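Please look through the structure below together with its sequence.

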Amino acid sequence: RAGFACFVGRPNVGKSTLMNALVGQKVAITSNKPQTTRRAIRGIVHRPDAQLVIVDTPGLHRPRTLLGERLDSLVLSTLTEVDVIGFCVPANEKVGKGDRFIADKLTAVKKTPVVAVVTKCDLASREQIAEQLLAVSELGEFADVVPVSGVSGDQLDILGDVLIKHL
Ligand code: GDP
Ligand code: MG
């Protein structure tokens with residue numbers, strides 16, 4: 001089996017870090033500066049029975065500038081080209097308008113399964129993670145909800161398996 005996945009989410013939620021950790025190779029640029037990623041950069045997750053090509057995206061947010069608008073249309077066109085979408089929300093920040101804005105965009109991409117990914121779990125307590133899984137589930141209809149940490153590597157294998165399941 002082979003297919004494509006991409007991660008979407010607000011800037012700085014850990015998309016690039018997650019992709020790097022999953023593919024075990026530093027291919028995407030990570031930074032705490034918004035809009036560092038301006039191009040969809042691919043990495044490959046290899047499994048004995050499957051290959052998953054990951055497309056990185058710039059953070060999606062309500063566009064305020066021409067560059068922002070161009071970046072958002074790049075993200076939206078990427079969404080229609082992949083087999084599965086990973087919607088990233090960090091465990092250590094309350095779900096907000098920015099996340100809802102993206103969740104609403106995702107409901108418009110009806111054909112593609114969306115896996116909600118609660119990122120940065122190394123920065124949150126068990127209780128916080130449990131609460132966030134619930135809060136994120138309420139943002140839309142998700143095929144799965146998976147908590148991970150790109151930094152500690154926690155649950156990365158499970159996320160890989162879940163994404164591959166939807167190819
Ligand atoms: P992106 O904008 O969504 O691609 O986010 P990045 O992957 O560039 O990460 C933004 C910032 O959050 C960087 O400073 C990362 O080091 C940090 N970060 C990302 N993932 C994690 C994580 O799982 N745990 C912790 N502690 N920090 C993270
Ligand atoms: Mg990035």
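In this predicted model, strand β1, which spans residues 2–8, is mostly covered, since 5 of its 7 residues count as buried. A residue is called buried here when its relative accessible area is under 20%.

Strand β1 pairs with strand β3, made of residues 50–55, and the two run parallel, joined by 5 bridges. Strand β1 also pairs in the parallel sense with strand β4, residues 84–90, and in this case there are 4 bridges. Cys6 can be followed into both pairings: in β3 the residue that stands opposite Cys6 is Val55, while in β4 the bridge partner of Cys6 is Ile85.

The second topic is the ligand. Ligand 1 is surrounded by 17 residues, and the closest of them are Asn12, Lys15, Ser16, Thr17 and Asp122.

| Residue | Atom of the residue | Distance to an oxygen atom of ligand 1 |
|---|---|---|
| Lys15 | side-chain N or O atom | 2.7 Å |
| Ser149 | polar side-chain atom | 3.4 Å |
| Val151 | backbone N or O atom | 3.4 Å |

How much of the area that ligand 1 exposes when taken alone does the protein bury? Taken alone, ligand 1 exposes 570 Å², and the protein buries 80% of that area.

Conventions. Residues numbered from 1 in each chain as written. Chains lettered and ligands numbered in written order. Predicted model: local features only at pLDDT ≥ 70, side-chain atom pairs only at ≥ 80, totals over all residues. Heavy atoms only, no water. Buried < 20%, exposed > 50% of the residue type's maximum accessible area, 1.4 Å probe, protein only. Pairing = 2+ DSSP bridges. Near = heavy atom within 4 Å. Polar contact = N/O pair within 3.5 Å; in protein donor to acceptor, adjacent residues only side chain to side chain. Areas by Shrake-Rupley, 256 points an atom, 1.4 Å probe, with all protein chains shown as cover.
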